[in-house]
Amino acid sequence: MLPCQPLLHAAVFALTVLQALASNTFIAAVYEHAVILPDATVEPVSPEDALALMNKNMDILEGAIKEAAQQGAHIIVTPEDGIYGWLFTRDTIYPYLEDIPDPVVNWIPCADPTRFAPAPVQERLSCMARNNSIYVVANIGDKKLCNSSDPSCPRDGRYQYNTDVVFDSEGKLVARYHKYNLFMSETQFNYPKEPEAVTFETPFGKFGIFTCFDILFREPAVVLVSELQVDTVLFPTAWMNVLPFLTAVEFHSAWAMGMGVNFLAANTHKTSKSMTGSGIYAPDGARAYYYNMKTEDGCLLIAELDSHTHLSPASSPAVNWSSYASSVGRFSLNDHDFGGLIFHDWFTFTELTKPEGNLTVCQKDLCCHLSYKMAGQQDEVYVLGAFDGLHVVEGQYYLQICTLLKCKSTDLNTCGQPVETAQTKFEMFSLSGTFGTNYVFPEVLYSGVQLAPGEFEILNDGRLISKQRSTKPVVTVTLFGRWYEKD
């Protein structure tokens with residue numbers, strides 16, 4: 001397995017952690033995997049060739065699993081598409097699929113591999129978990145036969161699902177989740193007839209699981225946390241980074257904070273597709289994360305988490321995201337508001353023309369307020385932006401976004417284009433908005449796609465404020481609101 005240099009105190013603190021480990025904590029691991037892809041073909045390969053490819057990837061995953069177990073990890077999450085990759089049609093993926101039973105069958109494939117149809121991938125994953133005494137989370141494909149009595153049955157007589165599986169430390173299948181919100185390119189898979197809310201209990205908390213694009217929708221993501229009260233969410237993903245708001249480490253860390261849960265995100269690694277960014281996130285920020293667009297290396301992350309962290313009114317007062325912004329008038333009248341696109345969404349911007357000040361920008365029902373002071377002005381342009389509307393590109397969902405954003409150049413026409421680096425530091429910032437939803441995710445992204453754990457806080461009145469006297473160079477400070485109620 002290739003070494004990596006994870007950001008924060010990630011992988012080399014295991015001995016200290018194990019000495020201090022209490023019953024109310026556990027050790028989590030995620031592995032970002034540089035997937036070995038199949039050759040592109042219009043004809044299905046043989047089952048033997050499909051298994052050979054999957055075994056090459058599982059050889060690498062097994063190395064990561066063994067290392068994580070040796071460092072005391074109780075659970076490890078591996079990526080979406082991490083065993084067979086992508087580049088498939090409906091027909092060409094079929095040799096890679098297995099029939100995955102409902103976990104109620106109480107099955108340990110490693111101990112009883114012939115109980116059901118041949119399932120060499122499930123058998124090997126089960127043995128990895130059993131032999132290393134660790135929970136193993138993986139993403140594979142499920143196939144289910146159907147017939148003409150089922151009006152939804154596809155013409156080829158089978159359903160095919162993008163599927164997560166979880167094996168416990170004895171190798172037993174304890175969870176199976178069929179991805180409900182497929183990305184637009186996943187034509188090889190079927191949608192489940194109903195969304196699934198999959199949870200399972202462990203000695204170290206209650207877990208839920210979903211996959212990649214699911215995170216942007218109420219079902220299953222919000223249901224698991226708000227209604228089923230899981231402590232930790234498992235998240236195999238194949239995430240293509242989209243600056244400035246949907247970079248993997250940035251958005252996933254913000255989601256964990258906004259929802260008040262642990263979040264274990266394992267991404268595939270493919271720089272040509274902008275796929276990188278894995279992390280172990282707690283409600284108070286990132287415990288370990290990895291973002292690398294320079295090399296094709298995988299990475300193992302390990303960190304300690306609290307076992308029981310789901311929010312309750314007693315433990316953490318709820319944030320009223322619109323309280324402060326609704327109580328103040330417009331900070332200033334803007335004579336020079338202008339429009340610009342961010343990931344196909346039309347924002348209203350106003351420029352920060354002074355080294356310090358107070359600004360307001362509005363779009364529809366959303367008004368965004370910013371107080372700020374720069375720590376020495378660079379030759380860079382920043383804007384305050386607002387978006388209130390329906391995003392319609394790779395899916396349809398309502399957003400409300402307030403953002404302090406660095407523009408790509410001093411040309412205002414570049415505002416909203418992807419930016420990874422900046423030079424300007426801030427002595428302070430305070431961002432708020434008149435949000436119509438309580439699902440708001442706070443993001444602070446520094447130059448070089450660096451997170452800012454512990455360097456900002458969310459006040460109960462909905463303000464995102466800096467805690468440091470001088471920040472690192474800022475790419476964006478954002479309140480990303482997801483208005484599920486309007487979907």
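Biologist: Which handedness does the link of C407 and C415 have?

Modeller: This is a predicted model, in which local features need pLDDT of at least 70 and side-chain atom pairs count only at pLDDT 80 or more, while totals for chains, interfaces and linings use all residues. Residues are numbered from 1 along each chain as its sequence is written, and side-chain values use heavy atoms, with hydrogens and water left out. A disulfide, meaning a pair of cysteine sulfur atoms within 2.5 Å, joins C407 to C415, with 2.0 Å from S to S. The angle about the S-S bond is 95 degrees, and the link of C407 and C415 is right-handed.

Biologist: Which cysteine sulfur is nearest to that of C212, and how far away is it?

Modeller: C212 has a relative accessible area of 9% and is therefore buried. C212 takes part in no disulfide. The nearest cysteine sulfur belongs to C299, at a distance of 19 Å.

Biologist: How many residues apart in sequence are the parts that C368 and C402 tie together?

Modeller: C368 and C402 are joined by a disulfide with an S to S distance of 2.0 Å. The torsion about their S-S bond is about -80 degrees, so this disulfide is left-handed. Strands are DSSP runs (E, at least two residues) and helices likewise (H or I, at least four), numbered from the N terminus. C368 lies in strand β16 (residues 366-374) and C402 in strand β18 (residues 397-406), so the parts tied together are apart in sequence by 34 residues.

Biologist: In which helix does C127 lie?

Modeller: C127 forms a disulfide with C110, the sulfur atoms being 2.1 Å apart. At 17% relative accessibility, C127 counts as buried. C110 is in the loop between β2 (75-77) and α3 (120-132), so the pair links parts 17 residues apart in sequence, and the helix that holds C127 is α3.

Biologist: What is the strand content over residues 40-307?

Modeller: UniProt, in an unreviewed entry, places the feature "domain: CN hydrolase" at residues 40-307. Over residues 40-307 the end C-alpha atoms are 43 Å apart.

Terms used:
UniProt positions renumbered as here; feature names shortened; annotations may be inferred. Buried < 20%, exposed > 50% of the residue type's maximum accessible area, 1.4 Å probe, protein only.
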